[in-house]
Amino acid sequence: MARSALLNVMVQAATKAGRGLVRDFGEVENLQVSRKGPGDFVSAADKKAEQIIYRELEKARPGWGFRMEEAGDVAGDGQHVWHIDPLDGTTNFLHGIPMFAVSIALERQGQIVAGVVYNPVMDELYVAERGGGAFMNDRRIRVAQRRDMADCVVGTGIPHLGRPDQGRSLIELREMVGQVSGIRRFGSAALDLCWVAAGRMDGFWEAHLNSWDIAAGAIIVREAGGFVSDFAGKDAMLESGSIVAGNEVVHQALLEHLKQAHARL
């Protein structure tokens, strides 16, 4: 595929940060057996990757705003905001599980217009720009076309220790487990959405996410022909922190089952 100048800037930042994460990931196994553990090391790797991305993007597009997981918000021109997660799947990284990604999205005048998600261990690069389709390693991707929920595999997130709504999540799981072929929890919302875009999973839902977790994945799903909304069926994922994704039929079915689950709360 021929990438735009904007996507080239985003890909360069994501892959540069990803190369650093792969080097750091190689040290995690050694740190697992130390008395101190890898926690501090992983936190440093996360921040280092974010600094790399920030420098690359600020150099290429000076004056644009940032919303970052580690460093917070940086004011910009009021028209452009980068949403950056330098290490989506930190717990996986911490435990030596090779399911994590760099996620970068650009919001322009309130709309996400481009997204890049890079899994450096698998060397899978997902990119999309509004109106240009979605690609994985330069190959066009499309959402799966299954229509019967009994044939579908869907992904979700489960609130971990200290997160709210664990009870709500269990009710959602109870509703969904009787409807689908399988449920997966991989630990990286950005990659989960990309796997929906690539047809590896048929749908995805999760709540209590941040904009940097889902902004890039959301446009990649849409450009792969999928449907994305918040739990209310609205285009307010970044504000609400909830997201539902799939092809048209699966997306609607997930919304209906979530509605039924939440009615029991």
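Biologist: Where is His257 found?
Modeller: His257 is found in helix 8, residues 248–262, where helices are DSSP runs of H or I with at least four residues and strands are runs of E with at least two, numbered from the N terminus. This is a predicted model, in which local features need pLDDT of at least 70 and side-chain atom pairs count only at pLDDT 80 or more, while totals for chains, interfaces and linings use all residues. Residues are numbered from 1 along each chain as its sequence is written, and side-chain values use heavy atoms, leaving out hydrogens and water.

Biologist: OK, and is His257 buried or exposed?
Modeller: His257 has a relative accessible area of 12% and is therefore buried (under 20%, with exposed over 50% and partly exposed in between, using a 1.4 Å probe and protein chains only).

Biologist: What is it in contact with, beyond its sequence neighbours?
Modeller: Leaving aside neighbours within four places in sequence, His257 is in contact (heavy atoms within 4.5 Å) with Glu175, Met176 and Gln179.

Biologist: Switching to the sheets: what is the order of the five-stranded one?
Modeller: That sheet is open, with the order 10-9-11-13-12 and mixed pairing, two strands being paired if DSSP finds at least two bridges between them. Strand 10 (182–184) and strand 12 (227–229) are at its edges, and because each has a single partner strand, one side of each is left without a neighbour in the sheet. From one strand to the next the twist averages 15°, with axes fitted as lines to C-alpha atoms, for helices over the stretch in contact, and angles taken from 0 to 180 degrees between N-to-C directions.

Biologist: Which helix packs on that sheet?
Modeller: Helix 6 does, touching strand 12 and strand 13 (243–246), and its direction makes about 145° with that of strand 12.

Biologist: How does strand 9 pair with strand 10, in the parallel or the antiparallel sense?
Modeller: Strand 9 (residues 153–156) pairs with strand 10 in the parallel sense over three bridges, and Val154 has Ile183 of strand 10 as its bridge partner. Strand 9 also pairs in the parallel sense with strand 11, again over three bridges, and there Val154 stands opposite Gly203.

Biologist: What about the two faces of strand 11, which residues are buried on each?
Modeller: Both faces of strand 11 (residues 203–206) are covered, with Gly203 and Trp205 buried on one side and Phe204 and Glu206 buried on the other. Strand 11 is joined to strand 13 by four bridges in the antiparallel sense, where Glu206 has Ile243 as its bridge partner.

Biologist: And the other sheet, how many strands form it?
Modeller: Eight strands form this open sheet, in the order 2-1-3-4-5-6-7-8 with mixed pairing. Strand 3 is largely enclosed by the rest of the structure, because eight of its nine residues are buried. Strand 3 pairs with strand 1 in the parallel sense over four bridges, with Phe66 opposite Trp82, and with strand 4 in the antiparallel sense over seven bridges, where Asp85 has Ser103 as its partner in strand 4. Strand 4 (residues 101–108) also runs antiparallel to strand 5, joined to it by seven bridges, and Ile104 stands opposite Val116 there. Helix 6 lies across several strands of this sheet, among them strand 5, to which it runs at about 100°.

Biologist: Now pockets. How much space lies in the largest one?
Modeller: About 560 Å³ lies in the largest pocket. A pocket is an open set of points on a 1 Å grid over the protein atoms alone, where a 1.4 Å probe fits, with protein on both sides within 12 Å along at least five of seven lines, and lining residues have an atom within 4 Å of a point. The points are joined across faces, edges and corners, and the volume is the space filled by probe spheres set on them. Of its 32 lining residues, His160, Arg163, Arg185, Gly187 and Glu206 are the closest to the centre.

Biologist: Which elements give two or more residues to that lining?
Modeller: They are strand 3 (80–88), helix 3 (90–94), helix 4 (166–177), helix 5 (189–197) and helix 6 (211–223). In helix 5, nine of nine residues are buried, and just after helix 5 Gly199 takes a positive phi of about 80°.
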